[in-house]
Amino acid sequence: GICLGFHVIPKGEGRNDVFSALFTRWKKAPEYVIYDFACALAPYCWAREYEFFKDTVFLVDKFHAPGHSRC
């Protein structure tokens with residue numbers, strides 16, 4: 001792997017931590033983002049930088065999917 005940067009999270013992470021890391025480190029948004037709370041991260045990203053994230057697919061992995069019943 002290649003380290004593109006780092007982001008210190010002093011307490012429980014929030015949507016802005018992931019959003020900021022992606023938006024400030026990538027010139028073009030990734031095609032896929034797999035994140036444990038992607039169902040909340042997607043609208044957060046689209047509301048703030050729609051043009052940047054408009055083609056990104058946000059997915060929840062199988063490990064974190066149980067309990068995600070409304071997304």
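I started at Asp-36, which sits in the loop between S1 and H2. Helices (H or I, at least four residues) and strands (E, at least two) are DSSP runs here, numbered from the N terminus. The model is predicted, so I note that local features need pLDDT of at least 70 and side-chain atom pairs count only at pLDDT 80 or more, while totals for chains, interfaces and linings use all residues. Residues are numbered from 1 along each chain as its sequence is written, and side-chain values use heavy atoms, with hydrogens and water left out.

**Entry 1: loops and ends**

I looked up the accessibility of Asp-36: its relative accessible area is 30%, so I list Asp-36 as partly exposed. The scale is buried under 20% relative accessible area, exposed over 50%, and partly exposed in between (1.4 Å probe, protein chains only). I then checked Asp-36 against Ala-65, and the C-alpha atoms are 7.5 Å apart in space for 29 residues in sequence.

Asp-55 belongs to the loop between H2 and S2. I find Asp-55 exposed, at a relative accessible area of 59%.

The C-alpha atoms of Gly-5 and Thr-24 are separated by 9.4 Å, and the two are 19 residues apart along the chain. Gly-5 has 36% relative accessibility and counts as partly exposed.

In the segment after S2 I looked at Val-60. Val-60 is partly exposed at 26% relative accessibility. Its C-alpha atom is 22 Å from that of Lys-11, 49 residues away along the chain.

**Entry 2: aromatic rings**

I searched for aromatic pairs and got seven in the structure. Rings of Phe, Tyr and Trp (its six-membered ring) pair if their centres lie within 6.5 Å; planes under 30 degrees apart are stacked, over 60 edge-to-face, the rest tilted. Phe-19 and Phe-53 make a tilted pair, with 5.8 Å centre to centre and 40° between the planes. Why did I note this pair as a tie between parts 34 residues apart in sequence? Phe-19 is in helix H1 (residues 15-25) and Phe-53 in helix H2 (residues 38-53), so the pair joins those parts.

I looked up burial for both rings. Phe-19 is buried at 9% relative accessibility, and Phe-53 is buried at 0%. Phe-53 also pairs with Phe-58, again tilted, at 6.2 Å centre to centre and 45° between the planes. Phe-58 is buried too, at 13% relative accessibility.

Which residues do the ring pairs link into a cluster? I list Phe-19, Phe-23, Tyr-44, Trp-46, Phe-52, Phe-53 and Phe-58. Over the face of Tyr-44, I find Arg-48 at 3.5 Å from the ring centre. The test for a charge over a ring is NZ of Lys or CZ of Arg within 6 Å of the ring centre and within 35 degrees of the ring normal.

**Entry 3: the buried side of H1**

In H1, I find Asp-17, Val-18, Phe-19, Ser-20 and Leu-22 buried. Their cover includes strand S1 (32-34) and H2, with contact taken as heavy atoms within 4.5 Å.

**Entry 4: surface patch**

I looked for nonpolar residues on the surface and found a patch of Tyr-32, Ile-34, Val-57 and Leu-59, with about 380 Å² of accessible area together. Patch residues have over 30% relative accessible area and no salt bridge; like charges are joined within 9 Å, nonpolar side chains (Val, Leu, Ile, Met, Phe, Trp, Tyr) within 5 Å. Areas come from the Shrake-Rupley method with a 1.4 Å probe, and for residues only the protein chains shown count as cover. S1 and strand S2 (57-59) each give the patch at least two residues. Tyr-32 is a residue of strand S1 and is partly exposed at 47% relative accessibility.

**Entry 5: salt bridge**

How many salt bridges does a search of the whole structure find? I get one, counting a side-chain nitrogen of Lys or Arg within 4 Å of a carboxyl oxygen of Asp or Glu. The partners are Lys-54 and Glu-51, at 3.1 Å from N to O. I note Lys-54 as partly exposed at 38% relative accessibility, and Glu-51 as exposed at 58%.
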